Amino acid sequence: MKMNLFSAVLAVLLGLSAQNDSLVQPQEEGVKTNGSHRLDITSRILEANKGVDQVLVEGDVALSRKRNAMNCWSGNCKWTKSRRGLVEVPYTISDFYFDSERASILKAMERFQQATCVRFVPHRGQSDFLSIESERGCWSTIGKEGGRQVVSLSVHGCLERGIIQHELLHALGFHHEHTRRDRDQYVRINWGNIAAGNTFNFNKMDTNNLNTPYDYSSVMHYGRSAFAGTFGAETITPIPDSSVPIGQREDMSDIDINRIIRFFGCSKCRNQ
């Protein structure tokens with residue numbers, strides 16, 4: 001009788017173990033990218049940036065060693081326009097990326113070329129260029145630094161279209177939307193919900209908003225729970241309508257594109 005009971009218990013335990021094992025999916029060999037698609041752009045970036053050695057502000061802005069990286073509306077950090085009216089930004093892409101990952105980066109770049117006068121062009125010995133690398137996390141400095149300028153797009157979480165465009169917009173000279181100087185008219189910062197030591201990530205910048213409206217749908221706008229001390233707590237609430245979506249990571253908004261055009265003085269004939 002005791003043996004039968006023992007056998008029955010053992011069978012149950014083995015059955016539970018087998019059931020749990022069946023829930024664990026083996027990772028496909030050679031796949032480097034993170035497949036989660038449920039988090040907003042802030043959560044994805046901040047998750048990817050855990051443990052990054054680089055000094056970052058606002059989650060993904062690297063401090064420049066050559067200038068004040070947070071003041072980038074003057075001409076000294078602006079990519080120059082050619083006589084043809086095009087803003088050519090040379091780049092290299094690390095050989096570390098798989099072909100499919102490289103293709104994702106190039107696809108995200110296409111939107112700039114389709115809608116603006118910005119052209120990301122392969123590096124051909126130019127002194128100033130972007131070096132796109134899979135460092136730890138997703139980050140960039142703001143605007144042109146001069147020389148080799150790293151834009152980190154880690155294969156672990158940073159290769160979604162909107163995240164790639166987000167970091168490239170930083171490299172072109174754009175700040176986060178929630179830090180623009182007039183933001184208090186459009187969002188409420190819930191200071192009590194911000195994790196200790198992270199309030200500096202919500203400092204307002206002295207931005208030139210280029211006579212464009214506040215853009216809740218910008219790929220540069222962080223999500224509701226950025227830097228929250230408690231999981232899910234809101235740190236950014238849209239006002240007056242708190243239900244307005246923020247933190248999208250799909251593609252640049254129309255206002256994002258309009259700002260690029262205004263910032264670089266693109267002509268109406270953009271597809272040159």
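Trainee: What is the handedness of the link of C138 and C158?

Mentor: This is a predicted model, and in it a disulfide joins C138 to C158, with S to S at 2.0 Å. The angle about the S-S bond is -80°, which makes the link of C138 and C158 left-handed.

Trainee: How many residues apart in sequence are the parts that this pair ties together?

Mentor: C138 is in strand β6 (residues 138-140). C158 is in the loop between β7 (148-153) and α4, so the parts tied together are apart in sequence by 20 residues.

Trainee: Which cysteine is joined to C117 by a disulfide, and is C117 buried or exposed?

Mentor: C117 has 2% relative accessibility, and buried means under 20%, so C117 counts as buried. The S to S distance in its disulfide is 2.0 Å, and the partner is C266.

Trainee: How far apart in sequence are the parts tied together by C117 and C266?

Mentor: The link of C117 and C266 is left-handed, with -65° about the S-S bond. C117 lies in the loop between α3 (99-115) and β4 (118-122), whereas C266 lies in the segment after α5 (254-264), so the parts are apart in sequence by 149 residues.

Definitions and conventions
Residues are numbered from 1 along each chain as its sequence is written. This is a predicted model: local features need pLDDT of at least 70, side-chain atom pairs count only at pLDDT 80 or more; totals for chains, interfaces and linings use all residues. Side-chain values use heavy atoms; hydrogens and water are left out. A disulfide is a pair of cysteine sulfur atoms within 2.5 Å. Helices (H or I, at least four residues) and strands (E, at least two) are DSSP runs, numbered from the N terminus. Buried means under 20% relative accessible area, exposed over 50%, partly exposed in between (1.4 Å probe, protein chains only).
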